[in-house]
Amino acid sequence: RRLESGEIRRRVGAALELVRCEDLKSQYPGRLSGGQQQRIALARAIVGEPAVLLFDEPLSNLDANLRRQLRDEIAALHKRLAFSGIYVTHDQGEALSLGTSVAVMRTAKVEQIGKPEDIHDRPASEYVAWFMGANIFDGEVDSRGLIETPFGCFETGRKIPTGPARIAIYPQRMHIERADVGTAVIALVKYLGTSTEYTIEANGQTINFVAPSNTITLGVGDHVKISAGSNDVFAFHPNNSESLEEPPPTGNGTINSTV
């Protein structure tokens, strides 16, 4: 960029300091760890003081702990430098935690765009709910607005038309209780450390339920009933996967994070 050598040194030093790599300035790239290489790549991007930064899955090849650490560092750097960024990722956690606006895309089309909480808590389509991690299963809406399913009876607390529907509920927002009889049965129990995941089957459909470990004494073969709060149940059209309710408000402004 035809800058004076003194300005180059100042900018390089400032960029390395921002990513906490001042002690690596004399190292060859091949001698750096994966996390250090990503920090240096970020320094290369910000040293020219661009108006917009493009991130193309920058953390995908890192282990989980390092990925979380660098994600937080990128968020802090964004707050400090106030740059605009477009962040492409398949990791829902990265998109929701880093983005001020999130666009969920499917086959090159935007399914929904909005604030992170809108995308997660008010999915506009079955695909968005599924991609955000929700269980998807079939149900039937009766004249009272209640949704009958093999896993239990649910309500959304919002007006939806009667007839077949596709239901979405996040595993972490479900409640489970033992049932003497019923169609829903625990088929698999997976211990994940701080949490335990239960796979539940009913009439050929499968859903997952997640609870803190050592809080539930249910095992494979037990009959169960599932419930959920009305705000945690989403209903979609069985044919076109669009919401049976009023569509959520769309986001506006710059897209800062893309899934």
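What we have is a predicted model, where local features need pLDDT of at least 70, side-chain atom pairs count only at pLDDT 80 or more, and totals for chains, interfaces and linings use all residues. Residues are numbered from 1 along each chain as its sequence is written, and side-chain values use heavy atoms, with hydrogens and water left out.

Let's start with the helices, which are DSSP runs of H or I with at least four residues, while strands are E runs of at least two, numbered from the N terminus. Helix α2 (residues 34–47) packs on helix α3 (residues 64–81) at about 20°, and their axes are 11 Å apart. The two are therefore roughly parallel, a label for angles under 35 degrees. Which residues make the contact, meaning heavy atoms within 4.5 Å? From α2 come Gly35, Gln38, Arg39, Leu42 and Ile46, and α3 brings Leu66, Gln69, Leu70, Glu73, Ile74, Leu77 and Leu81.

Now the cysteines. The disulfide count is zero, where a disulfide is a pair of cysteine sulfur atoms within 2.5 Å. Cys21 is buried at 1% relative accessible area, whereas Cys153 is partly exposed at 34%. Here buried means under 20%, exposed over 50% and partly exposed in between, with a 1.4 Å probe and protein chains only.

Finally, the loops. Most residues other than glycine have a negative phi. Thr107, however, has a positive phi near 45°; it sits in the loop between β3 (102–106) and β4 (109–114) and is exposed at 70%. Asn203 also has a positive phi, about 50°, in the loop between β11 (195–202) and β12 (205–212), and Asn203 is exposed at 60%.

How values were computed:
Axes fitted to C-alpha atoms, helices over the stretch in contact; angles between N-to-C directions. Parallel < 35°, antiparallel > 145°, perpendicular 65-115°, else oblique. Contact = heavy atoms within 4.5 Å.
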